[in-house]
Amino acid sequence: MNFSQNKAIWFVVAAFVLLAVISSISNIITESWWFSAVNFSSVFWTVITWKIIVWIGAFLVYALFLWINFRVANRLTKDRNFRTFEGSNIQIPGQKIFNYIAGVLIIVISFIAAGATLPWWETILKYLHASTFGTADPIFSKDVGFYFFELPMYNGVQQWLLTLFLLGLILAGVVYFLKGAIQFVKSRQNIFSGAVKTHISILLVGIAILIAARFYLDRYNLLFSSSGVVFGAGYTDVHAKLLSYWVMAILTLGVAGLFIISVLRRGVNYLIGGVGFFVIALVVVNGLYPWFQQQFIVEPNELDKERPYIENNIQYTRMAYGLEDVQRKNFPVEANLNKEVIAQNEPTIQNIRLWDPKPLLATYKQIQEIRLYYKFSDVDIDRYMINGDYRQVMLSPREFEYNQVPARAQTWQNQRLTYTHGYGVTMSPVNIVTTEGMPELFIKDIPPESEVDIEITRPAIYYGEGTDYYVFTGTTEEEFDYPVGSENKFTHYTGKGGVPMQSLWRKLLYAYEFGSIKILISDYFTSESKVQYHRDIVNRVRNVAPFLHYDSDPYITIINGELKWIIDAYTTSKQYPYSEPMIRGNINYIRNSVKVVVDAYDGTMDFYVVDESDPLLQTYQKIFPDLFKDESTIPAEIREHFRYPIDLFQIQSQVYLAYHMTEPDVFYNREDMWQFPTEIYEGNEQRMEPYYLIMQLPEEEREEFILIYPFTPVNKNNMISWLAARSDGKHYGKLLLFEFPKKELIYGPMQVEARIDQDPQISELLTLWSQQGSRVIRGNLLAIPIERSLLYVEPVYIRSDQGQMPELKRVIMSYDNQIVMEQTIDRALAVLFGEQEPTQRQAPIVQTLDQNLEIPDLARSALKTFQKAQDRLQAGDWAGYGEQWDKLQNLLQQLRKNTQSIPGADQQSP
């Protein structure tokens, strides 16, 4: 290879490295500005410093070790005995090319190894700031903190060093093989002797010692074994594998001794013998012996042998998921509801949720998005004191959807300077329906108009769930605020959010970072200009604290007139001994230790600690002392909106399906396994989801906001129990399990759904509504515990096949052996408890018919009414459509009544 070719190669390599360095430096600088703007600089520099230390350390160790081994192998093959290589007729690549290739390969491997080691910054810092759990494992009596903070470090170092030695052996082996093959072909001389054998033997000794360390550490990893009847070390693990790991560790050290002896002996017999001995021992000691014990000792007496280890699994799983303190209570069902009991539980009744998130979101989109560029992405559930009453409400933020802006208006100026934020929220109670089947709105329109005593004084939303692009504020260009009729209102951002853009240097780096030259050359920027980015709230908080996991449902709140997001954050691990893994094996420990509050206007983030007893969080607090705020600093108005998180509750509920059983024998035989109930939704059977309620728990004095999940036995549909998570005041975070008598049949959700399907009047009317251009949507079925009784409620919506806006048409209610379908909750309760007669066919009569009309006249009237209903449907007149359908139902009732008087007609009542 000539000089110009060498120069070209190194130029390409240098250009690649330079570009990577510039990109990394640019990102580090801009991110440091962002962290400084959000007041978390210490977090950024802690992480980046340790990442740099880890990366440089790993790169240098790998590069030096591999280069030293290459140089040693290279020099040993250039001994005087092998000088004939250069002058032989058999040509090998020039030594310089060989060195170039090896050098590039070593650099590439070191880069890859250093990059793979980057996540170690967290492992190292947790090791250096370890906390104790105060709970010891049942096998080695080590604190659980050892498995969280120390064992991952030891495992990682062992694997890292073993990989290093294996790569060194491979690299040296390649050199010896290439040059040794040439020498063997030329002179039949074997180079694998003397210094070469010593070099290989030293590497093998290192590998053997590291494998011995692996066996030693694997003793502790037995507590995470998945090969037994339960997760964690079982009988075979403790009585066979534990011993085999000790024996294999000692034998592997003996093999290392054989490799050392081989250095002092001629030939390679000790090397080959050591490898062969290791393989045989691995098969016999680590394979056959545990297999024999499992097959002939454990399996014939499995329950007896595994009982103490099943106990360990139950105990530690319940502790890892926070289930050991679930308070279990009996719930003897009594059919004792009457109008007096209902009146005493008025707060529960007035907070029964009729609006499901999905149809309500569709309705919000139709009536409250106002303009095509606004978007409702989600509906959140919360509670407020409204006009002196404790009310459960549903609300949704109106975020800006830039992709919906007309194509001609999608300019850089509009996207980055003008259309910067969303505006306001829509709020409605969970239980009120207008006469048109629409939700009653407590807060609506732009600017927000409130019908209750909750006011929004700062409605702009710069940070949200669907806001994922950067914008500039404080420019000479006015920002679009909100539309007013045919005009638009404009504003200037006055918040403290964003990174200042006052210098040319910052413009240059952000132009490079965002890939836009317009940032550098634009004349819109002033000394007050700021760039707002990382505006997606989950990505925003994850950028600050990537070591936490975040709930999938952030929710918006109105606090002192300002919009604030609340995000539940979790500390998780898969290192809790004996704990059953969940979520595809990724976690077996979880705590909701942090609540993150994000201001929707300026993006301010507050990481509030809500579980100071969590040892994993205590370690993070030691690593990042400026990140978290103590629980005592949480403002009361924010704490009032904390709710038990759904993601955590679902995980705990999933675990509790099996781990409510605490007796090993019952657990082993799966005698009392539970499952989640199913329901009918939009015509399909689906798993029931947990839901929030405001209700008065049994033996409690006042109503409270809780999260509830019913359970049924496996392969059965009757309800067996329900789990409740409390969210208010001093009771926050407590779990209650209410168990029904096992000897009584308590209808479960699917059984109630079946009874609804079997009710002739309800099914007939639902079938009628489903015909000719309409779709009936049976909403979420809710089981409402009231004192010692259960009340089932299911909303019924109607939606046009051509439309997107559901109309809440009826409420189905089931209690004891009764089922009714009425227009409102109050009327359904009145019918259930005998205060009113049920509506004929559950449809209101909207006009009086002439009872003497002949059958042909009735048929013609019915046809005309049906055609009018279709016309109203096509015109989008839902109120008119509903009136015509009610009239049609009345006509059909009269028609059927008249036909029953004809001889031979079916006399069975409808």
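These legends accompany close-up views of a predicted model. Local features need pLDDT of at least 70, side-chain atom pairs count only at pLDDT 80 or more, and totals for chains, interfaces and linings use all residues. Residues are numbered from 1 along each chain as its sequence is written, and side-chain values use heavy atoms, with hydrogens and water left out.

**View 1. A nonpolar patch on the surface includes L288.** The patch is formed by V275, V279, I280, V283, V284, L288, W291, F292, F296 and I297. Together they have about 930 Å² of accessible area (Shrake-Rupley method, 1.4 Å probe, only the protein chains shown counting as cover for residues). Patch residues have over 30% relative accessible area and no salt bridge, with nonpolar side chains (Val, Leu, Ile, Met, Phe, Trp, Tyr) joined within 5 Å and like charges within 9 Å. A salt bridge is a side-chain nitrogen of Lys or Arg within 4 Å of a carboxyl oxygen of Asp or Glu. L288 lies in helix 9, residues 269-298 (helices are DSSP runs of H or I, at least four residues; strands are runs of E, at least two; both are numbered from the N terminus). L288 is partly exposed, with a relative accessible area of 47% (buried is under 20%, exposed over 50%, partly exposed in between; 1.4 Å probe, protein chains only).

**View 2. W412 and F472 form a tilted aromatic pair.** The model has 76 aromatic pairs (rings of Phe, Tyr and Trp, the last by its six-membered ring, with centres within 6.5 Å; planes under 30 degrees apart are stacked, over 60 edge-to-face, the rest tilted). W412 and F472 are 6.3 Å centre to centre, with 40 degrees between the planes. W412 lies in helix 14 (residues 412-418) and F472 in strand 11 (residues 471-473), so the pair ties together parts 60 residues apart in sequence. W412 and F472 are buried.

**View 3. F607 and F628 pair edge-to-face.** Their ring centres are 6.4 Å apart and their planes stand at 90 degrees. F607 belongs to strand 20 (residues 605-609) and F628 to strand 21 (residues 628-629), so the pair ties together parts 21 residues apart in sequence. Both F607 and F628 are buried.

**View 4. Strand 28 pairs with strand 1 and with strand 27.** Strand 1 (residues 327-330) runs parallel to strand 28, joined by 4 bridges. Strand 27 (residues 721-726) runs antiparallel to strand 28, with 5 bridges. Strands pair if DSSP finds at least two bridges between them. E739 is the bridge partner of N330 and of S721.
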